[in-house]
Amino acid sequence: MREVLAQAAFRLFLERGFERTTVDDIVALAGVGRRSFFRYFPSKEDAVFPDHERCLAEVTDFLAAVDDSDPVGAVCDAARIVLRMYAANPEFSVQRYRLTREVPGLRTYELSVVRRYEQILAGHLRGRFGEGRDGELRAEVIAASVVAAHNNGLRLWLRSGGAGDPEAAVDHALALVREVWGRPAAPTPATSFPVSGDGDGDGDGDGKGEVIVMVARKGTPMWRVVQQIEAAVGEN
């Protein structure tokens, strides 16, 4: 029934225009009552985007089960779930894209849906980077970058009328995100304080030892702490 209502709504939107189509028109074409429409869609705008609720749930489930070893790669893969949703029905996706360009209210609604995806990605990344200031900032920036890269590639495909492989442009854009953000954050330089010694600790017989003092934020992963120590020792 949800699909029948969505198809009826979209047919009328294309024929009459979004503003001139009423809920009564939609249910009349679908052969159901108004209560049936509002059981599935809170508004006409929701009927234009019938597949996003399912996709949002799929993205959430994917990230809940994904391996933690590559958080940036995970959110990039989650974005591809959204792409596959659009690519599954190219004609509908292209028509919807054109409709949203013509109706400001639909564009606003679409932006609110995009923001929901971004929040899901950022929430996953915050769970990996921590809730501290830098961890939260990193999560928000990466999530926004993934969404922007995905949408850039997707819209190139939609503007072409759905010609060619939609994954090519999106994969190219997401590869750039992984190149920039997939690397571990640069370690905070450790500060070295030379101290007098008796020669027993450094093994070089020059009578001087060195202590490495490192400051790390609370909650910093142990592998990051070790990485910073190794970097400091290597430099010295």
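Is Glu118 buried or exposed? Hold that thought for a moment.

Some ground rules. This is a predicted model: local features need pLDDT of at least 70, side-chain atom pairs count only at pLDDT 80 or more, and totals for chains, interfaces and linings use all residues. Residues are numbered from 1 along each chain as its sequence is written, and side-chain values use heavy atoms, with hydrogens and water left out.

Back to the opening. Glu118 counts as buried, at 15% relative accessibility. Buried means under 20% relative accessible area, exposed means over 50%, and partly exposed is in between, with a 1.4 Å probe and protein chains only. Its partner is Arg115, and the two form a salt bridge with the closest N and O atoms 2.8 Å apart. A salt bridge here is a side-chain nitrogen of Lys or Arg within 4 Å of a carboxyl oxygen of Asp or Glu. Arg115 is partly exposed, at 37% relative accessibility. Both residues sit in helix H8, and because they are three residues apart, about one helical turn separates them. Helices are DSSP runs (H or I, at least four residues), numbered from the N terminus.

Now the other salt bridges. The count by this rule is 14. Take Arg178 and Asp70: their closest N and O atoms are 2.4 Å apart. This pair links distant parts of the chain, 108 residues apart, with Arg178 in helix H10 (residues 166–181) and Asp70 in the loop between H5 and H6. Arg178 is partly exposed at 35%. Asp70 is partly exposed at 30%.

Next, Asp25 and Arg16. Their side chains meet in a salt bridge, 3.1 Å from N to O. Asp25 has a relative accessible area of 23%, partly exposed. Arg16 is at 37%, also partly exposed. There is a network too: salt bridges link Asp77, Arg80 and Asp171.

On to the inside. How many cavities of 30 Å³ or more does the structure hold? Two. A cavity is a set of points, on a 1 Å grid over the protein atoms alone, where a 1.4 Å probe fits but cannot get out; lining residues have an atom within 4 Å of a point. Grid points are joined across faces, edges and corners, and the volume is the space filled by probe spheres set on the points.

The largest cavity has a volume of about 230 Å³. It is lined by 19 residues, and the closest to its centre are Val82, Val114, Tyr117, His150 and Asn151. Four helices each supply at least two lining residues: H5 (52–65), H6 (71–87), H8 (104–129) and H9 (133–159). H9 gives the most, with seven. By class, this lining has 14 nonpolar, three polar and two charged residues.

The second largest cavity holds about 30 Å³ of space. Phe49, Tyr86, Ser93, Arg96, Tyr97, Glu110 and Leu158 line it. Helix H7 (residues 90–102) gives the most to that lining, with three residues. Four of the lining residues are nonpolar, one is polar and two are charged.

Last, the surface. Met1, Val4 and Tyr40 make a nonpolar surface patch of about 250 Å². Met1 lies in the segment before helix H1 (2–16). Met1 is partly exposed, with a relative accessible area of 44%. Patch residues have over 30% relative accessible area and no salt bridge, and nonpolar side chains are joined within 5 Å.

That is the tour.

Terms used: 1 Å grid on protein atoms, 1.4 Å probe; cavity = no way out; pocket = protein on both sides within 12 Å on 5 of 7 lines; lining within 4 Å. Nonpolar A, V, L, I, M, F, W, Y, C, P; charged D, E, K, R; others polar. Patch = residues over 30% accessible without salt bridge, like charges linked within 9 Å, V, L, I, M, F, W, Y side chains within 5 Å. Areas by Shrake-Rupley, 256 points an atom, 1.4 Å probe, with all protein chains shown as cover.
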